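Colleague: Could you walk me through this model and tell me what stands behind the labels you use?
Modeller: Gladly, let us look at it together.

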Amino acid sequence: KILLTHGHFDHMGAAAQIQDALSIPICMHERGREYTENPRWNLSEGCGLYIKLDDVSYLPDGSRIALERNPVFSLTMHYVPGHTTDSVFYYSAKDNVAFVGDSIFKNSFGLTHFPGGDEQTLMQSITQRILKLPQETVLLSGHTEPTTVGAERERSWYAPFLN
Ligand SMILES: [Zn+2]
């Protein structure tokens with residue numbers, strides 16, 4: 001399966017080609033339709049690409065995605081709006097890792113001035129969902145080297161939102 005963290009074109013621009021080549025489903029949050037159907041929202045229009053996806057499994061918050069042949073390996077989808085209205089992270093407690101897309105980076109966080117973005121919502125998502133994971137959880141983002149929940153909890157800009 002192809003798991004999308006959100007519907008920006010730099011995260012799903014080749015998804016349809018991979019889907020066709022491998023005959024596998026594309027999965028993303030149920031709010032993703034706003035992005036897959038709208039090249040202005042997924043930002044491909046600005047690059048003259050007009051990318052759309054039309055064969056997507058839209059899943060609700062909390063969905064568990066397991067390998068059919070080895071269900072011991074699974075990821076759980078967690079909804080974290082803010083960078084976009086459809087952003088999620090995929091989490092494996094067993095492997096201590098979260099694929100966080102563009103919500104949080106090493107020493108920074110996602111941009112919120114694109115369609116559907118909202119900084120207050122992003123701060124809530126980061127501090128109430130991502131930074132509540134175990135300290136040692138490795139965060140794999142879309143654009144920086146890995147970091148951990150423990151390292152990012154120390155950033156001063158999250159302090160007003162942590163409790
Ligand atoms: Zn993005």
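**Cores, a metal site and a serine**

Modeller: This is a predicted model. The largest nonpolar core has 17 residues, and F89, I104, I130 and L131 touch the most other members. Strand 6, strand 7 (97–101) and helix 4 (119–130) each give two or more residues to this core, with helix 4 giving the most, 4 residues.

Colleague: What does I104 contact, leaving aside its neighbours within four places in sequence?

Modeller: I104 is in contact with F109, I126, I130, L131, L139, S141, E152 and Y158. There is also a second, separate core of 10 residues, which includes L4, I26, I51 and Y58.

Colleague: Thanks! Now to the metal: which atoms coordinate the zinc ion?

Modeller: The donors are H6 (NE2), H8 (ND1), H83 (NE2) and D102 (OD), at 2.2 to 2.4 Å. A donor has to lie within 2.8 Å of the metal, so these distances qualify. Along the chain the donors follow the spacing H-x1-H-x74-H-x18-D. H8, in the loop between strand 1 (2–3) and helix 1 (9–12), and H83, in the loop between strand 5 and strand 6 (88–92), are 75 residues apart and link distant parts of the chain. Both H8 and H83 are buried.

Colleague: Why is the arrangement around the zinc ion called irregular?

Modeller: The 4 donor atoms subtend angles of 90 to 164°.

Colleague: What makes S74 buried or exposed?

Modeller: S74 has a relative accessible area of 16%. The limit for buried is under 20%, so S74 is buried. S74 sits in strand 5 (residues 70–79) and touches R64, I65, A66, Y91 and S92, not counting residues up to four places away in sequence.

Colleague: How do you know that the side chains of S74 and R64 make a polar contact?

Modeller: They are joined at 3.4 Å. The cut-off for such a pair of N or O atoms is within 3.5 Å, so the pair counts as a polar contact.

Conventions:
Residues numbered from 1 in each chain as written. Predicted model: local features only at pLDDT ≥ 70, side-chain atom pairs only at ≥ 80, totals over all residues. Heavy atoms only, no water. Buried < 20%, exposed > 50% of the residue type's maximum accessible area, 1.4 Å probe, protein only. Polar contact = N/O pair within 3.5 Å; in protein donor to acceptor, adjacent residues only side chain to side chain. Contact = heavy atoms within 4.5 Å. Donors = N, O, S within 2.8 Å, 3.2 Å for Na, K, Ca; no water. Tetrahedral: all angles 85-135°; square planar, octahedral: opposite > 155°, others 65-115°. Core = buried A, V, L, I, M, F, W, Y, C linked by side-chain atoms within 4.5 Å.
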